[in-house]
Amino acid sequence: MKMISKAAVFAASLLASTSAFAADQTVTLNVEGMTCASCPYIVKQTLAGVDGVTDVKVSFAKKSATVIYDNSKTQIMALTSATASMGFPSSPKKQADR
């Protein structure tokens, strides 16, 4: 019985600890293919539809999207895959590009 309760406590602490490491992250993506006024809307809606994304700002002039996301629910690869699936390949901007 003690073994089961120790395992339950361990499992509960493990689950609690994973959420303790979750944090909002911000990434700015270079977005290719935005050629018209409706493109930023499509990019924004696509990124907003990714689970874990909490905010998206798209700049047509800079051909970029800044995304705030929960890193326990999604990763940058999911964001870039989402935009690519809509015809807008993207990649994270490097520090010097910002």
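Colleague: What makes up the count of helices and strands in the protein chain?
Modeller: The protein chain has 3 helices and 4 strands. Helices are DSSP runs of H or I with at least four residues, strands are E runs of at least two, and both are numbered from the N terminus. Along the sequence the pattern reads α-β-α-β-β-α-β. This is a predicted model: local features need pLDDT of at least 70, side-chain atom pairs count only at pLDDT 80 or more, and totals for chains, interfaces and linings use all residues. Residues are numbered from 1 along each chain as its sequence is written, and side-chain values use heavy atoms, without hydrogens and water.

Colleague: How do you know that E2 and E3 pair?
Modeller: Two strands pair if DSSP finds at least two bridges between them. E2 and strand E3 (residues 64-70) have 6 bridges, in the antiparallel sense. So they meet the definition. One of the bridges joins Val-56 to Val-67 in E3.

Colleague: Why are E2 and E4 at the edges of the sheet?
Modeller: The open sheet runs E2-E3-E1-E4, with antiparallel pairing. Strand E2 (53-59) and strand E4 (90-92) each have a single partner strand, so one side of each lacks a neighbour in the sheet.

Colleague: What makes helix H2 pack on the sheet, and which strands does it touch?
Modeller: Contact means heavy atoms within 4.5 Å. Helix H2 (residues 39-48) touches strand E1 (24-31), E2 and E3. Helix H3 (residues 76-85) also packs on the sheet, touching E1, E2, E3 and E4.

Colleague: How many residues are called buried, as a percentage?
Modeller: Buried means under 20% relative accessible area (1.4 Å probe, protein chains only). Of the 98 residues in the protein chain, 28% are buried.

Methods:
Buried < 20%, exposed > 50% of the residue type's maximum accessible area, 1.4 Å probe, protein only. Axes fitted to C-alpha atoms, helices over the stretch in contact; angles between N-to-C directions.
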